[in-house]
Amino acid sequence: MSSPKLSLVSGHSSADSSAEPHCIHMDGFSAYYGDNCIVSDVNLRLPPKGVTCLIGPSGAGKSTILRWLNRINEESERASFSGKIEVLGRDVLKGYPDVTELRRKVGMVFQQPCVFPCSIYDNMLMGLRSRKLSKGEARSIIEQSLKAASLWDEVSHRLAQPASALSLGQQQRLCLARALVLEPEVLLLDEPTASIDPVSSRAIEAFVIEQGREIPIIMVTHNIGQAKRISDHVIFLCDGQIVEQGTRAHMFSMRSAEKTRTYITEEFCDC
Amino acid sequence: MSERVNIRRVQEKCFAFILRASLALCGGVLVFLLGSIVVKGFGSLSLDFFFTPAKDFGKSGGVIYQILGSLLMVVAAAVLVLPLALGTAIFQISYNARPKIRYVLEQSLYALNAIPSITYGLFGLIFFVNVLNTGISWFVGAVILAIMILPTAILSTYQAMAAIPKTYQENAAALGLTKAQVIRRVTLPQSFHGLVTGLLIGLARAIGETAPIMFIATAFSGVTVPQSLVEPVSTLPTHILELAQQSTDPQALQNAWGASLILVGLVAGFSGLALLIRSRLSSEGRK
């Protein structure tokens, strides 16, 4: 099955408008792990702002797509891909000979909160070390990022304490804030609310909606309700291929493809 | 049904008895050995024994130069091992991209770890003393001890690094950190306890070794603090060996027990330090 080549460049339309700028452009993208093809012949264009949710059953290839956008999959020895990926108008391989430049532009937060074994402040400082900032500038960026992640009020009085002392929900918000200090031009979120409490989930959803107004956010989620709440665009994947993609209004309406409707309905029922 | 339950209870009791007996046997041997050394060696210990040089082939005097010789060699070995172990473990974890070569290297380290210490001594004798013509040198002894404990230190560091969840590396890489920065900021702080533990366990083994250094680094009598790299030293194990060869003399035997007690104390000190540092650094790494 080949994926439909739809563009998502306008906020609520699924019409093709390739003249508009894209933050992400995939053409004939296939991803492999060893000899296994995980994602096959994916074509997509993502707009320069807004929240795009990747939904689909486990093993559909959502995280694989996400993990090639900042080449974090390169860390796996057997992972490879074919086809074309452009990020912010540059080829993801040739356009970014220094992969760290790509990763500073394309921030990522993973499913499991992962704080480094140091203080909250040092966690936030981790990504800033390559930038020559004064202490005051660094502190200001860190404060803004923590505020954006709704964490400042909870940690401002204990920035020197170990980050591992935070709750899981707080840790995940710290990860979001830590990604934000780099002032990324694209943000990738791989099921960021999968392992945390509902209160923190809501805080993260608010963060995603707010940040989505400024930069493109691509988020993998299994929570269909969440996708419905926060997405501007939705891409439905199954068995490594895009089944359908479109605006939120389209994807959650009766006009969507039967397979999409069935998946969305069953996921709702499972809840 | 109740018969089955009874059989299971008997089996449980038998199993528990076997485990307790194993523990008692091992513990008993250890207590007997250490107890013998403490009881027989304690009488020799005095400030004079610690701080005066040996006289009359060890029958009188103390063991100051033997203690200094042993410590000198293990400290030099530690200085040599530390960067090599760290570098090899980092290469294995972060730069060796070929799984087959990684596997072969790892298995080679296990094999090296199992080589009898006399083999290292013979290698030192042939290569350094005969081929390179270094003569009897404490530094050559330290190099041989370093080679001997290197696999232990590498494997301990490597295992500590391999135990770090991959998600840490991924998260650091996703923040735009270079490979070197990931190693410095993430890998090293969380695996340093492994390096220290491996090093200290290796040193605890090295300080008690006689065979690898007997032919290449030590003299049995008449040595003081070496003034250059190519002078011999006397160490506690070789001193004990020398005294044991004169065991018909009660004073020599008594001093042998005393020197053994000091040696056991040094080994226990290194092992205890390894445990302490491991627990401290591990808990810091988890913070």
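How many Å separate the centres of domain 1 and domain 2 of chain B, taken over C-alpha atoms? Point 2 has the answer.

1. Basis. This is a predicted model, in which local features need pLDDT of at least 70, side-chain atom pairs count only at pLDDT 80 or more, and totals for chains, interfaces and linings use all residues. Residues are numbered from 1 along each chain as its sequence is written, while chains are lettered from A and ligands numbered from 1 in the order in which they are written.

2. Domains. Chain B splits into domain 1 (1–42) and domain 2 (47–286); the bounds come from an automatic or database domain assignment. Their centres, over C-alpha atoms, are 33 Å apart. Six residues of domain 1 of chain B meet five residues of domain 2 of chain B. Contact here requires C-beta atoms, placed from the backbone, within 7 Å. The domain 1 side has four nonpolar residues, one polar and one charged. Ala, Val, Leu, Ile, Met, Phe, Trp, Tyr, Cys and Pro count as nonpolar; Asp, Glu, Lys and Arg count as charged; the others, Gly among them, are polar.

3. Confidence. pLDDT is the predictor's confidence in each residue, from 0 to 100. Chain B has a mean of 88, and 98% of its residues reach 70 or more. Within chain B, strand β2 (residues 60–61) is lowest, at a mean of 82. Helix α1 (residues 2–42) of chain B is highest, at 93. For the complex, the predictor gives an ipTM of 0.85 and a pTM of 0.78.

4. Overall build. Chain B holds 11 helices and two strands. Helices (H or I, at least four residues) and strands (E, at least two) are DSSP runs, numbered from the N terminus. The order from the N terminus is α-α-β-β-α-α-α-α-α-α-α-α-α. Along the principal axes, the C-alpha atoms of chain B fill a box of roughly 65 × 65 × 35 Å. Of contacts in chain B between residues at least 6 apart in sequence, 78% join residues at least 24 apart.

5. Burial. Of the 287 residues of chain B, 38% are buried. A residue is buried with 20 or more other C-beta atoms within 10 Å of its own, exposed with 12 or fewer, and partly exposed in between; C-beta atoms are placed from the backbone. Helix α6 of chain B is mostly covered, with 22 of its 25 residues buried.

6. α6(B) bends by about 40 degrees at B:Ile149, with B:Pro151 following within four residues. α3(B) bends by about 30 degrees at B:Val81, with B:Pro83 following within four residues. A bend is the angle between axes fitted to the seven residues ending at a residue and the seven starting there.

7. Interface. Chain A and chain B each put 21 residues into their contact. On the chain B side, α7 (166–174), α8 (179–207) and α11 (250–286) each supply at least two residues. α7(B) gives the most, with eight. The chain B side divides into nine nonpolar, eight polar and four charged residues.

8. B:Gln251 lies in helix α11 of chain B. B:Gln251 counts as partly exposed because 14 C-beta neighbours lie inside 10 Å. Leaving aside neighbours within four places in sequence, B:Gln251 is in contact with B:Lys59 and B:Ser60. B:Gln251 and B:Lys59 are 192 residues apart in sequence but 5.8 Å apart in space, C-alpha to C-alpha.

Notes
Contact = placed C-beta atoms within 7 Å.
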